[in-house]
Amino acid sequence: MSPSSPAARPPGTAMAEGPADSPADEPAGDPAASATGPADDATDGSVGSTMDGTAQTPPGPGVGSAEWDLLTDDIRWSAETFRLLGCDPGQAPLSLDRLPDRLDEADRPLLRRMMTDALVHGRCAVGTVVVRRPGGGRGAVECAGEPVIGVDGTVTALRMMLRPA
């Protein structure tokens, strides 16, 4: 493995793209400024790369990320997503068909519409839902979902960002 390969670089660094006399590695800087910086240094347990091989920018504090791969049934949640949805991180993440169970009954139709927009129509969807938490607590969570479109034009996955509303 060469020092220029992503696995050989320390977390939080990226290859410099400058003259030959510039340092080989420089800090990647703000993760939001570059979608190509390494994401395996995320401290919240978020996914390090997307299914198409591009780096995924780790969410900031208080922001959760989730991805449901429709081809492999793989589900990945950040630690913050477990917290926001009131789920035990020691358990498996919820499948898309179990996700509405965490919501107030009144908000389930909104989530279903958002999922239909993303999974059937291939559109991004945004909404705020009230999550039921263990012990009877409730909390509003803002969700933004986007479909991952495969080479054949079909939806292959759903990515979602969540944050307190």
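Strands S3 and S4 form a hairpin with five residues between them, and aspartate 73 in the turn has a positive phi of about 65°. This is a predicted model, in which local features need pLDDT of at least 70 and side-chain atom pairs count only at pLDDT 80 or more, while totals for chains, interfaces and linings use all residues. Residues are numbered from 1 along each chain as its sequence is written, and side-chain values use heavy atoms, with hydrogens and water left out. Helices (H or I, at least four residues) and strands (E, at least two) are DSSP runs, numbered from the N terminus.

**Strand pairing**

- Strand S4 covers residues 75-77 and runs antiparallel to S3, to which three bridges join it; strands count as paired if DSSP finds at least two bridges between them.
- Within S4, isoleucine 75 is the bridge partner of tryptophan 68.
- S3 also pairs with S7 in the antiparallel sense, over six bridges, and leucine 162 in S7 stands opposite glycine 64.

**Burial of S3**

- Six of the six residues of S3 are buried, where buried means under 20% relative accessible area, exposed over 50% and partly exposed in between (1.4 Å probe, protein chains only).
- Both faces of the strand are covered, with Gly64, Ala66 and Trp68 buried on one side and Ser65, Glu67 and Asp69 buried on the other.

**Aromatic residues**

- The structure holds two aromatic pairs; rings of Phe, Tyr and Trp (its six-membered ring) pair if their centres lie within 6.5 Å, and planes under 30 degrees apart count as stacked, over 60 as edge-to-face and the rest as tilted.
- The ring centres of tryptophan 68 and tryptophan 77 are 6.4 Å apart and the planes lie at 80°, so this pair is edge-to-face.
- Tryptophan 68 and tryptophan 77 are both buried, and Trp68, Trp77 and Phe82 form one aromatic cluster.

**Helix H1**

- Phenylalanine 82 lies in helix H1, which spans residues 79-84, and counts as buried because its relative accessibility is 7%.
- Beyond its neighbours within four places in sequence, phenylalanine 82 is in contact (heavy atoms within 4.5 Å) with residues including Trp77, Cys87 and Pro93.
- The C-alpha atoms of phenylalanine 82 and alanine 66 are separated by 9.4 Å, the two residues being 16 residues apart along the chain.
- Glutamate 80 is also found in H1 and counts as buried at 15% relative accessibility.
- The side chains of glutamate 80 and arginine 83 are joined by a polar contact of 2.6 Å; such a contact is a pair of N or O atoms within 3.5 Å, where within protein one must be able to donate a hydrogen and the other to accept it, and residues adjacent in sequence count only if both atoms are side-chain atoms.

**Nonpolar core**

- The largest nonpolar core has 23 residues, and those with the most contacts inside it are Trp68, Trp77, Leu85, Leu99, Cys143 and Leu162; a core is a set of buried Ala, Val, Leu, Ile, Met, Phe, Trp, Tyr and Cys residues joined through side-chain atoms within 4.5 Å.
- Elements that each supply at least two residues of this core include S3 (64-69), H1, S5 (125-132) and S7 (155-164), while H2 gives the largest share, four residues.
- Not counting residues up to four places away in sequence, cysteine 143 touches several residues, among them Met114, Val129 and Leu162.

**Cysteines**

- Zero disulfides are found in the whole structure, a disulfide being a pair of cysteine sulfur atoms within 2.5 Å.
- Cysteine 87 counts as buried at 17% relative accessibility, whereas cysteine 124 counts as exposed at 58%.
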